[in-house]
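Good morning, and thank you for coming. Please look at the sequence and the model as I speak.

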Amino acid sequence: MTYVVVENCIKCKYMDCVEVCPVDCFYEGENMLVIHPDECIDCGVCEPECPAEAIKPDTEPNLDSWLKINADYAKSWPNITTKHEPPADGKEFDGKPGKFEAYFSPKPGEGD
Ligand code: SF4
Ligand code: F3S
């Protein structure tokens, strides 16, 4: 089991999650973060920290595509363990539908 970052992280990217992870298993893309499924120890402390409710346990249904995105991009995006300045317009994107199609970016973020 692992926890998974899902669509509502895109363009919100609040980064509260990285501050609480005991094993530093978040990785940063241009517009969102992902969790490395082989490093996550399923402690669950990040889930309630996300203001966008964008972190789910993989026991929830219909998360297969997001689990794959987390696993794939955790291999190439840089590790992030400290919160940076979140996007100034993040709140405008909170809860918007269709963010994956409109805004997902495979580009890496800056990392720590
Ligand atoms: Fe890190 Fe725990 Fe969240 Fe996994 S569930 S990403 S180990 S804080
Ligand atoms: Fe994304 Fe939530 Fe973390 S919006 S960056 S998963 S705090």
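Ligand 2 in this predicted model is surrounded by C9, K13, Y14, M15, D16, C17, L33, C50, P51, A52 and I55. A residue counts as near a molecule or strand if one of its heavy atoms lies within 4 Å of it. By class, this shell contains 9 nonpolar, no polar and 2 charged residues. Here Ala, Val, Leu, Ile, Met, Phe, Trp, Tyr, Cys and Pro count as nonpolar, Asp, Glu, Lys and Arg as charged, and the others, Gly among them, as polar.

A word on the conventions is in order. Residues are numbered from 1 along each chain as its sequence is written, while chains are lettered from A and ligands numbered from 1 in the order in which they are written. The model is predicted, so local features need pLDDT of at least 70, side-chain atom pairs count only at pLDDT 80 or more, totals for chains, interfaces and linings use all residues, and side-chain values use heavy atoms, with hydrogens and water left out.

Where does ligand 2 sit? The space that ligand 2 takes is the largest cavity. A molecule sits in a cavity or pocket if more than half of its atoms lie within 2 Å of its grid points. Rolling a probe the size of a water molecule over the atoms shows where empty space is left. On a 1 Å grid over the protein atoms alone, a cavity is a set of points where a 1.4 Å probe fits but cannot get out, and a lining residue has an atom within 4 Å of a point. Grid points are joined across faces, edges and corners, and a volume is the space filled by probe spheres set on the points.

The search of the whole structure finds 2 cavities of 30 Å³ or more. The largest cavity has a volume of about 90 Å³. Its lining comprises 14 residues, with C9, Y14, M15, C17 and C50 nearest its centre. The second largest cavity holds about 70 Å³ of space. It too has 14 lining residues, and C21, C25, C40, C43 and C46 are the closest to its centre.

The second largest cavity is the space taken by ligand 1. Of the 13 residues around ligand 1, C21, C40, C43, G44 and C46 come nearest. This shell has 12 nonpolar, 1 polar and no charged residues.

Let us return to Y14, which is found in the loop between β1 (3-5) and α1. Helices (H or I, at least four residues) and strands (E, at least two) are DSSP runs, numbered from the N terminus. Is Y14 buried or exposed? Y14 counts as buried, at 13% relative accessibility, where buried means under 20% relative accessible area, exposed over 50%, and partly exposed in between (1.4 Å probe, protein chains only). The C-alpha atoms of Y14 and C50 are separated by 7.3 Å, although these residues are 36 apart along the chain.

How many disulfides does the structure hold? There are 0, a disulfide being a pair of cysteine sulfur atoms within 2.5 Å.

Finally, consider two backbone angles. Most residues other than glycine have a negative phi. D24, however, has a positive phi near 50°, and E53 has one of about 50°. D24 lies between α1 (16-20) and β2 (26-28) and is partly exposed at 35%. E53, in the loop between β3 (33-35) and β4 (55-57), is exposed at 58%.

Key: On a 1 Å grid over the protein atoms alone, a cavity is a set of points where a 1.4 Å probe fits but cannot get out, and a pocket is an open set with protein on both sides within 12 Å along at least five of seven lines; lining residues have an atom within 4 Å of a point.
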